[in-house]
Amino acid sequence: MGNDTIPPEFLEPEGDAERQDPDLVLETTSATLRALWKEWMCRRGDGTFADVEFFGRRIGGVPTPAVDAYRALEVALRSAGYRPDSRWAYNCRLIEGTDKPSLHSAGIAVDIDPDENPFSVGDAFAGKIGPDHVAAALAIRNSDGARVWSWGGHWDKPDRMHFQLDRGPAAVDVDWRTVPGGGPEGASSGATDVKEEEMVLSKSMKNPAVKRFQLCLLDWNAKALPKDGADGVFGSETVEWVGRFQEAFGLEKTGKIDGVTAALLVAHGK
């Protein structure tokens, strides 16, 4: 499966959020996360994946609702000066010594530089990942102000390589104002053109952001918007084609452009 799999030497035991410092992470346990993301586990449910790049390398696919979260993590780590040599996300496997699926099985966890950030006892910052890197990653918040990512280095036995989403699929949207380094490179440059009060684009709106996303729809499917084209007006035809796009990527078919839909549209634009 190429880079869809993690090399055997990297399959270390996985920690659990129950053992984390509550001052550093959210309260979502690994058991709860497995339940929230069950439709994505080992690609056996209805959840769909997007083939995105993380620091220039495909990492096996991530859930479509989490695309923005992964882009935000990369931007934040870059802003703190981190550049990984290796990284892995999706891998359908059990946690070593248990019958529980790893969060990697849903693509909601990523291991970064396992050789340099080992799973072992001792100082959490004994590897390549330092306090500034972690602070940047944990600064990422969703629209409700909740932390999006947690770090395995805060477990009793530090898993220094490991970052995992700390919310379910309905709560991993990204408030880009909280991301160190600003808006995402390329992937959501269009979304940053939308004013704060217009972060969800919907029918009857008329502005440059609407036109930008209409152009993305045309890049995705040249047959989209056959009547009105990219006219900057969020009319019934745009509602219909945004809905088709959402349906194609396993999102709720709302016909509105929210953060996740925006990120996917720009990612599929030229």
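At 64% relative accessibility, S204 counts as exposed, where exposed means over 50% relative accessible area, buried under 20% and partly exposed in between, with a 1.4 Å probe and protein chains only. S204 lies in the loop between β8 (162-165) and α4 (208-220), and its phi is positive, about 85°, although S204 is not a glycine. Most residues other than glycine have a negative phi, and most peptide bonds are trans.

A positive value is also found at D113, a residue other than glycine with phi near 50°. D113 is placed in the loop between β6 (109-112) and α3 (131-138), and with a relative accessible area of 1% D113 is buried.

## Basis of the model and overall fold

The model is predicted, so that local features need pLDDT of at least 70 and side-chain atom pairs count only at pLDDT 80 or more, while totals for chains, interfaces and linings use all residues. Residues are numbered from 1 along each chain as its sequence is written, and side-chain values use heavy atoms, with hydrogens and water left out.

The chain holds six helices and eight strands, which are DSSP runs numbered from the N terminus, with helices being H or I of at least four residues and strands E of at least two. Read from the N terminus on, the elements follow the order α-β-β-β-β-α-β-β-α-β-β-α-α-α. Of the 270 residues in the chain, 54% are buried. Among the contacts in the chain with a separation of 6 or more, 62% are between residues 24 or more positions apart, a contact being heavy atoms within 4.5 Å.

## Aromatic pairs

The structure holds eight aromatic pairs; rings of Phe, Tyr and Trp (its six-membered ring) pair if their centres lie within 6.5 Å, and planes under 30 degrees apart count as stacked, over 60 as edge-to-face and the rest as tilted. One of the pairs joins F54 and F55, whose ring centres are 5.0 Å apart and whose planes stand at 90°, so the pair is edge-to-face. F54 is buried at 1% relative accessibility, and F55 is buried at 8%.

Y70 and W149 form an edge-to-face pair as well, with 5.1 Å from centre to centre and 90° between the planes. This pair links distant parts of the chain, since Y70 belongs to helix α2 (residues 67-79) and W149 to strand β7 (residues 149-151), 79 residues apart. Y70 is buried, with a relative accessible area of 2%, and W149 is buried, with a value of 0%. Ring pairs link F54, F55, Y70 and W149 into a cluster.

## Charges over rings

Helix α6 (residues 259-267) gives the largest share of the lining, three residues. The lining divides into six nonpolar, five polar and four charged residues, with Ala, Val, Leu, Ile, Met, Phe, Trp, Tyr, Cys and Pro counted as nonpolar, Asp, Glu, Lys and Arg as charged, and the others, Gly among them, as polar.

L36, in helix α1 (residues 30-36), touches T28, G168 and P169, not counting residues up to four places away in sequence, and L36 is partly exposed at 40% relative accessible area. L36 and R167 are 131 residues apart in sequence, yet their C-alpha atoms are 8.2 Å apart in space. T64, in the loop between β4 (62-63) and α2, is buried at 0% relative accessibility, and with the same exclusion of residues up to four places away, T64 touches W40, T48, F49, A50, F249, L251, V260 and L264.
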